[in-house]
Amino acid sequence: KFVYSLIQADNYQRVANDTSGTKMPRSDWKKVSSSNFSIPTSLEEQQKIGSFFKQLDNTIALHQRKLDLLKEQKKGYLQKMFPKNGEKVPELRFAGFADDWEERKLGELGSVAMNRRIFKDQTSENEEVPFFKIGTFGSKPDAFISRELFEE
């Protein structure tokens, strides 16, 4: 476990990623095994480090499975909470809503405007107008611009 963690460390990955072979790249174990690495002299410390990273890997794997499950659940809800083509109500609704849905052009719901480039130094964490970037569109903005810049 310790060796596996060691070769994953950024400063040692270069050795592990130095591949040989042309058809199927793989680490050259002779190069890896003859390279110098700084390691703790205590076997117990090596074991603790290896176990620590193994536990982190297990936790990451668990959360990855949860994430995959949530993505599948979202996909199912997206299919059930929007009407199918030609229908006026979705299969699944929140309590208290029963009206038919109406067909509208997306542009009628609001406007999206492309503007001149806004640079990072023109944004802040506490201005008046939320500034959505590609990565934050549809969620909470992490940047804001001044009202003056927005009006401009």
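Predicted model: local features only at pLDDT ≥ 70, side-chain atom pairs only at ≥ 80, totals over all residues.
Figure 1. Among contacts with a separation of 6 or more, 24% join residues 24 or more positions apart.

**Figure 2. Fold order and confidence along the chain.** Five helices and four strands are found here, and their order along the sequence reads α-α-β-β-α-α-β-β-α. The average pLDDT of the chain is 83, with 84% of the residues scoring at least 70. Which element has the highest confidence, and which the lowest? Helix 4 is highest, at a mean of 96, while strand 1 (residues 19-20) is lowest, at 52.

**Figure 3. Helix 4 from end to end.** Helix 4 has 38 residues, so at 1.5 Å a residue it should span 56 Å. The C-alpha atoms at its ends are 55 Å apart, which agrees with that expectation. At the start of helix 4, look for S42: one of its side-chain oxygens comes within 3.3 Å of the backbone nitrogen of E44.

Figure 4. Q46 is a residue of helix 4. Is Q46 buried or exposed? Its relative accessible area is 16%, and because buried means under 20%, Q46 counts as buried. Setting aside neighbours within four places in sequence, the residues in contact with Q46 are F2, I39, P40 and T41.

Figure 5. With a relative accessible area of 11%, S5 is buried. Which residues does S5 touch, not counting those up to four places away in sequence? They are I49, G50 and F53.

**Figure 6. The largest nonpolar core.** Five residues make up this core: I118, V129, F131, I145 and L149. In soluble globular proteins, nonpolar side chains tend to be buried together. For a closer look, pick L149, one of the core residues. Not counting residues up to four places away in sequence, L149 touches R116, I118 and Q122.

**Figure 7. N126 in an exposed loop position.** N126 sits in the loop between helix 4 (43-80) and strand 3 (129-130). Why does N126 count as exposed? Its relative accessibility is 67%, and exposed means over 50%. The N126 side chain makes a polar contact with the side chain of S124, at 3.3 Å. Along the chain, N126 and F144 are 18 residues apart, and their C-alpha atoms are separated by 6.3 Å.

Key: Residues numbered from 1 in each chain as written. Heavy atoms only, no water. Core = buried A, V, L, I, M, F, W, Y, C linked by side-chain atoms within 4.5 Å. Buried < 20%, exposed > 50% of the residue type's maximum accessible area, 1.4 Å probe, protein only. Contact = heavy atoms within 4.5 Å. Helix = DSSP H or I, 4+ residues; strand = E, 2+ residues; numbered from the N terminus. Polar contact = N/O pair within 3.5 Å; in protein donor to acceptor, adjacent residues only side chain to side chain. pLDDT = per-residue confidence, 0-100. Expected span 1.5 Å × (residues − 1).
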